[in-house]
Amino acid sequence: MTLSGETPGAHASVDPRRYHESVTGERTEAAPRPPVCLYLEVTNRCNLLCTTCPRTYEELEPPADMDWELFTSIVDQVPDLARAVLHGVGEPMLVANLPRMVKYLKDRDVYVLFNTNGTVLSERNGRALIDAGLDELRVSLDAANRESFKAIRGRDYFWRILRNVRAFRELQEREGRLKPQVSIWLTGLKETVDELPAFVKVAADVGVKEVYLQRLVFFDENVIGKARPDQALFERLTEGEAAHLKQAEELARSLGMTFSASGGASEPGLSLKGSGDGSPWSLCRRPWSLMYFTANGRALPCCIAPFSQHGYDNYTLGHARHQSLREIWNGPAYRDFRAALLSDKPPDCCANCGLRWSL
């Protein structure tokens with residue numbers, strides 16, 4: 001059974017108007033349309049120990065890669081899928097099946113992207129992703145030098161990542177391959193905001209034309225590592241920090257690069273901005289347009305939830321191993337979640353989401 005009742009595999013090209021309607025349409029307790037975006041956590045394993053990530057400090061779920069049967073089962077239940085994001089709290093490129101997963105989605109005319117730390121981006125892996133048709137590759141680097149990288153990401157892989165990304169970009173240029181579109185990301189911290197101009201230069205040196213400043217998400221209570229309120233930039237920029245941003249923007253412009261400090265969401269049209277009425281969650285449309293599944297099949301409201309509240313049991317909305325996506329999507333847990341999000345007492349993982357993101 002699919003979410004729309006259609007036969008799996010009967011999917012033609014996705015109408016972008018349908019995607020826009022699902023993002024911007026009416027928000028009610030029961031979603032009027034099936035989701036058009038999937039976040040698939042293809043693994044929860046990682047080879048770094050980032051000080052801004054909850055998995056560094058606790059086991060969120062048993063270690064797992066999403067098996068092929070679970071992956072295809074989820075994808076086949078969303079015949080109008082327009083966009084797939086293949087990351088969660090792990091490193092996607094540790095998964096041997098990743099190019100096969102990308103190809104499976106591309107054969108269904110789906111736009112595919114994921115974040116990677118770049119540590120295992122070899123020529124073989126990179127070429128496999130190019131051949132599979134990956135649309136977008138986002139490299140999370142988080143620092144402009146080796147020392148900061150070790151302090152934030154917990155391992156001494158800075159130069160390895162730069163070598164890998166440079167070699168990948170050279171491969172693309174040499175063979176005239178425009179996809180995947182490559183960008184480099186930095187999580188916005190008070191501790192590293194002064195490195196922004198240097199970060200832009202690092203990206204330029206390895207041949208990457210796009211740089212993004214990612215919003216920091218942190219817990220209100222029982223804070224972890226550097227994911228703390230005092231590290232957030234959102235609505236707290238000093239004059240000096242604003243100057244670093246401006247300098248980075250000007251440098252990027254002079255180098256013909258894209259630089260964005262908006263911290264936009266991974267799916268178009270869903271970037272959260274302060275609503276100005278004390279309810280920063282009120283603009284969120286994720287529970288009406290996307291579904292997130294962990295490597296074990298647990299359905300969560302979005303990729304932000306694990307970073308904003310401890311404990312998956314607090315916001316689990318279903319399980320793909322035991323329920324159909326149709327049963328989950330408009331089941332009691334999802335309906336209750338949406339109802340709370342539309343009220344003045346949102347779920348705890350959403351209550352200050354827009355405020356917890358830095359830029």
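Biologist: How many disulfides does the count come to in this chain?

Modeller: The model is a predicted one, and a disulfide here requires a pair of cysteine sulfur atoms within 2.5 Å. By this rule the count comes to 0 disulfides.

Biologist: Which cysteine has the sulfur nearest to that of Cys303, given that Cys303 is in no disulfide?

Modeller: Cys303 sits in the loop that runs between strand 9 (298-300) and helix 10 (305-308). The cut-off for a disulfide is 2.5 Å, whereas the nearest cysteine sulfur lies 5.5 Å away from that of Cys303, and it belongs to Cys302.

Biologist: Which residues is Cys303 in contact with, leaving aside its neighbours within four places in sequence?

Modeller: Tyr39 is 264 residues from Cys303 along the chain, yet the C-alpha atoms of the two are separated by 7.6 Å. Once the neighbours within four places in sequence are left aside, the contacts of Cys303 are with Tyr39 and Tyr292.

Biologist: Is helix 4 oblique or parallel to helix 6?

Modeller: The axes of helix 4 (residues 123-132) and helix 6 (residues 158-175) come within 10 Å and cross at roughly 50°. Angles under 35 degrees count as roughly parallel, and those from 65 to 115 as roughly perpendicular, so helix 4 is, relative to helix 6, oblique.

Biologist: Which residues of helix 4 and helix 6 make the contact?

Modeller: The crossing of these two helices, helix 4 and helix 6, is right-handed. The residues of their contact divide into 3 nonpolar, 2 polar and 3 charged. From helix 6 come Phe168, Leu171, Gln172 and Glu175, and from helix 4 come Glu123, Gly126, Arg127 and Ile130.

Biologist: How do the residues of the contact of helix 2 with helix 3 divide?

Modeller: The axes of helix 2 (residues 68-76) and helix 3 (residues 98-106) come within 11 Å and cross at roughly 20°, which makes helix 2 roughly parallel to helix 3. In the contact, Trp68, Phe71, Thr72, Val75 and Asp76 of helix 2 meet Arg100, Met101, Tyr104 and Leu105 of helix 3. The division is 6 nonpolar, 1 polar and 2 charged.

Note on methods
Residues numbered from 1 in each chain as written. Predicted model: local features only at pLDDT ≥ 70, side-chain atom pairs only at ≥ 80, totals over all residues. Heavy atoms only, no water. Axes fitted to C-alpha atoms, helices over the stretch in contact; angles between N-to-C directions. Helix = DSSP H or I, 4+ residues; strand = E, 2+ residues; numbered from the N terminus. Parallel < 35°, antiparallel > 145°, perpendicular 65-115°, else oblique. Left-handed = near helix turned anticlockwise from the far one by under 90°. Contact = heavy atoms within 4.5 Å. Nonpolar A, V, L, I, M, F, W, Y, C, P; charged D, E, K, R; others polar.
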